[in-house]
Amino acid sequence: MSGDKLNEEPVVEVKNATKRYGGLIAVNDCSLSVTRGSITGLIGPNGAGKTTLFNMVAGTQKPDGGQILFDGEDVTGLAPYELFGRGMLRTFQLAHEFSQMTSLENLMMVPDDQPGESLVNTWFRPSLVASRELEVRQRANDVIDFLRLGHVRDELAGNLSGGQKKLLELGRTMMVDAKLVLLDEVAAGVNRTLLKDLAGNIERMNRELGYTFFVIEHDMDLISRLCHPVIVMAQGEVIAEGPMEEIRQNPEIIEAYFGTPVEVA
Ligand SMILES: Nc1ncnc2c1ncn2[C@@H]1O[C@H](COP(=O)(O)OP(=O)(O)OP(=O)(O)O)[C@@H](O)[C@H]1O
Ligand SMILES: [Mg+2]
């Protein structure tokens, strides 16, 4: 896909973003972009500023300086729900309360514009409510089928394995028309087999359904399998960007990453 000009349009552009916590500069004048249709990786050592950068993109933290553009529009300082409405989603751990609902019901909880939520509609327009519920149920079933979770469709979420819960979290992003999905260490604590499953599904969502992903991960194998390009942060700054094969081979990046010079085989 590289070299395809049509796919080089940015979904997200971060321009000179800075975030300070007291005297500490967590993100220092960072600029980067996420191209539509890509699975862009963000790596770097602990404390590099990755999550802080994500939080500024997702609206949970306001930059002290700089700009965030989403789909070409300045969204700096917009709240997460406003960004959600524009199609920017991040995964959240399934809330504890949701463990007593089935996988299917968990997915059906996601869309926030269900007419059923309005009392007026429930009383005066029951058919609208019913048809909307059917639509949401159909979509939830499609998502379950896409993720190959059919065997746990009616299982309580609380009984799912760790990996199945992660897939369900991913599935929640598919219940609305997302333009960008942010994943912050979604694979943490997932075993190797389920990791492949998760990675495979992210790839299929990207290739078959056109989702764009921006992914923070510490698992280098996962990053190199999934992400192109990969952006490297260290000490609050973007220090490199490119294909993982190049980044792996660059001693300066490895040194910045691990803090000590490393022999490259
Ligand atoms: N809410 C906060 N208040 C004060 N300092 C913070 C806050 N959040 C992050 N920091 C600091 O900002 C720096 C960047 O943290 P951040 O969480 O963005 O790093 P990270 O790259 O996501 O690290 P990790 O890989 O460990 O998740 C760190 O020094 C961290 O201690
Ligand atoms: Mg982090």
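**Ligand surroundings and local geometry**

In the predicted model, ligand 1 is surrounded by 13 residues, the closest of which are Asn46, Gly47, Lys50, Thr51 and Thr52. For glycine 47, a polar backbone atom lies 2.8 Å from an oxygen atom of ligand 1. Threonine 51 contributes through its side chain, where an N or O atom is 2.8 Å from a ligand oxygen atom. The side chain of threonine 52 likewise places an N or O atom at 2.5 Å from an oxygen atom of ligand 1.

The packing of two helices was examined next. Helix α6 spans residues 162–173 and helix α7 spans residues 192–209; their axes come within 9 Å and cross at roughly 15°. Angles under 35 degrees count as roughly parallel, and α6 and α7 are therefore roughly parallel to each other. The crossing of this pair is right-handed. On the α6 side, the contact is made by Gly163, Lys166, Leu167, Leu170 and Thr173, which meet Leu194, Asp197, Leu198, Asn201, Ile202 and Met205 of α7. By residue class, the contact of α6 with α7 comprises 6 nonpolar, 3 polar and 2 charged residues.

Arginine 153 is located in the loop between α5 (126–146) and α6. Leaving aside residues up to four places away in sequence, arginine 153 touches Thr102, Ser103, Leu104, Asn141, Ile144 and Asp145. With one of these residues, asparagine 141, the arginine 153 side chain forms a side-chain to side-chain polar contact of 2.6 Å.

The peptide bond that runs from histidine 228 to proline 229 is cis, with omega near 0°. Proline 229 itself is placed in the loop between α8 (220–226) and β9 (230–234). Asparagine 16 belongs to strand β1, residues 10–21.

Definitions and conventions. Residues numbered from 1 in each chain as written. Chains lettered and ligands numbered in written order. Predicted model: local features only at pLDDT ≥ 70, side-chain atom pairs only at ≥ 80, totals over all residues. Heavy atoms only, no water. Axes fitted to C-alpha atoms, helices over the stretch in contact; angles between N-to-C directions. Helix = DSSP H or I, 4+ residues; strand = E, 2+ residues; numbered from the N terminus. Parallel < 35°, antiparallel > 145°, perpendicular 65-115°, else oblique. Left-handed = near helix turned anticlockwise from the far one by under 90°. Contact = heavy atoms within 4.5 Å. Nonpolar A, V, L, I, M, F, W, Y, C, P; charged D, E, K, R; others polar. Near = heavy atom within 4 Å. Polar contact = N/O pair within 3.5 Å; in protein donor to acceptor, adjacent residues only side chain to side chain.
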